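Have the structure open while you read.

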Amino acid sequence: MNVTYRREMKHNYLIIEQDKSWTEGYEINMLKENHINGLLKFHLKQIDSRRYFYYEITSKQPLNRILEFHSLNKEELKGLIAGIAQILNRIPVYLLKEDQILLQPEFIYLEPDHFFVSLCLVPGRDRKFSEEMTELLHYLLGKVNHQDKECVVMAYALYQESLKDNYSIDTLTELVGSHNTRPAAGQEREERNRQDLTEAGESQSGFTDAERDDIQVIQEFTQTAQIKASRFVSWRPLMISSAVISVAAVVFWSIFGLRGIKKYWYIVLAAGILSFLYGIIKSGSKNELKHLVEDNVKSYSDYEEEQEEWKTAFYESEEEPQTPLKSADGELIQTVLLTNNQKDIEVRILKSAGPGNQDIAITYTPFLIGKQEGLVDYVIDGDTISRIHAKIEKAGSDYCISDLNSTNGTYVNGRLLETNETVLLNLGDEIFIANFAFIFT
């Protein structure tokens, strides 16, 4: 499947060349004549004997690009599965087949700010939808936010369900629906509720029956350990006292015989009393019981925190992060960080060449520029700027810039880049991000 991208005026297109092996049918006319909500807008171009399918992707971003810099949370995962399901339920009315939909992450397009899903349906293509859905869910397993435990559980459950024979998209949506969202009540209240549930030994919402059984087994084991430990601690002073009395009696009997035991009985008794008091002082403390249980039944979360602290302490650099300096007249000065074991770190600048613009320091790569705060590294507030507009990357010692399917385009030395096109940058190059001008220095 030959895939290219093209910009025409202010429209961006994903272009797929028709494969000769694809069976031609009514689907092309059905897509041309109908705008189907959830499918990318389609039109056909024929050049000589070749046919090209054009899909409009203006202002949309592919799933793999968004997840390159952003971890998927629970609500986004639910929205993605629900969006795909809604489209699949819609297309049978137009006699279109789900097996003709591309489910690779680079062909699933989203609105970056609210995760509305748009899919690409290729007329004549035929590959089993269930197999591609399993591959997609496997891909998503590595892209979910692992701090969002409910999202991890849901993603894993969806993938496991997709491995079953003859599963359907309906079973996936039912599985998503079973993971009910807790009412929104503020972060502090949510955290307090989570702590209350944990202290009460109750499982949080979103866990399967098997996981609840595992949690119950762990709780029963913990309770059993606590009971055994408490019994042992309660009997220990008496056991120590009995042992000391027995040893003292044997010692006096071996030296003085039975008369010695009768004569020095008070010493034996005193040793027993003292040892009993010592046992109470040593083992009667609640802290010891607590530590005994914690040592034997240590929670996985505590272990995880310790490992994270160890990794942080081991890998974290002691050096201060580099900050661009300014001269007396406010101009940014390019600096390098000198170390004994690392190469010098360059800081490139997109120096403003227009009124009202600010210089952009490229302190790391890849570096995203756009207007969607939270998804890009530098926000340019302008109506002509797309939400995710352009990306600057480094290849070896060279820098390059890519247009990321922007509406108003990216220009390098006066040339408009095609959508998703990447070009090499040289010092002094003039860059226009929409109508914002910069010089690469």
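Helix α4 (residues 129–141) has 13 residues, which at 1.5 Å a residue should span 18 Å, and its end C-alpha atoms are 19 Å apart, which agrees. The expected span here is 1.5 Å times one less than the number of residues. Helices (H or I, at least four residues) and strands (E, at least two) are DSSP runs, numbered from the N terminus.

A quick word on ground rules: this is a predicted model, where local features need pLDDT of at least 70, side-chain atom pairs count only at pLDDT 80 or more, and totals for chains, interfaces and linings use all residues. Residues are numbered from 1 along each chain as its sequence is written, and side-chain values use heavy atoms, with hydrogens and water left out.

Which residues of α4 are buried? They are Phe 129, Ser 130, Glu 132, Met 133, Thr 134, Leu 136, Leu 137 and Leu 140. Buried means under 20% relative accessible area, exposed means over 50%, and partly exposed is in between (1.4 Å probe, protein chains only). The buried residues of α4 pack against α2 (63–69), α3, β6 (101–102), α5 (149–162) and α6 (169–178); a contact means heavy atoms within 4.5 Å.

Among the buried ones are Cys 151, Val 153, Met 154, Leu 158 and Tyr 159, along with Glu 150 and Glu 161.

## The cores

In soluble globular proteins, nonpolar side chains tend to be buried together. A nonpolar core is counted here as a set of buried Ala, Val, Leu, Ile, Met, Phe, Trp, Tyr and Cys residues joined through side-chain atoms within 4.5 Å. The largest one has 55 residues, and Ile 84 and Met 133 touch the most other members. Helix α3 (residues 74–90) supplies the largest share of this core, seven residues. Leaving out residues up to four places away in sequence, Ile 84 touches Leu 103, Val 117, Leu 119, Phe 129, Met 133, Leu 136 and Ile 169. There's also a second, separate core of 21 residues, including Phe 367, Ala 390, Ile 401 and Phe 438.

Zooming out, the protein has 11 helices and 22 strands, and 36% of its 441 residues count as buried. Of the contacts with a separation of 6 or more, 55% are between residues 24 or more positions apart.

Pockets and cavities are found on a 1 Å grid over the protein atoms alone: a cavity is a set of points where a 1.4 Å probe fits but cannot get out, a pocket is an open set with protein on both sides within 12 Å along at least five of seven lines, and lining residues have an atom within 4 Å of a point. Grid points are joined across faces, edges and corners, and a volume is the space filled by probe spheres set on the points. In the class counts, Ala, Val, Leu, Ile, Met, Phe, Trp, Tyr, Cys and Pro are nonpolar, Asp, Glu, Lys and Arg are charged, and the others, Gly among them, are polar.

| Space | Volume | Lining by class |
|---|---|---|
| Second largest pocket | about 430 Å³ | eight nonpolar, eight polar and five charged residues |
| Largest cavity | about 30 Å³ | two nonpolar, four polar and two charged residues |

The second largest pocket is lined by 21 residues, with Asn 37, Gly 38, Phe 116, Val 117 and Ser 118 nearest its centre. Helix α3 gives the most to this lining, six residues. As for Ser 118, it sits in strand β8 and is buried, with a relative accessible area of 11%. Leaving aside neighbours within four places in sequence, Ser 118 is in contact with Gly 38, Leu 40, Lys 60, Phe 107, Ile 108 and Tyr 109.

The lining of the largest cavity includes Gln 18, Glu 24, Ile 28 and Pro 123.

Where is the cis peptide bond? It runs from Thr 365 to Pro 366, with omega near -5 degrees, and Pro 366 is in the loop between β13 (360–362) and β14 (367–370).

Ser 59 has a positive phi of about 65 degrees although it is not a glycine. Ser 59 lies in the loop between β4 (50–56) and β5 (61–62) and is partly exposed, at 27% relative accessible area. Leu 95, also not a glycine, has a positive phi of about 60 degrees. Leu 95 is in the loop between α3 and β6 and counts as exposed, at 52% relative accessibility.
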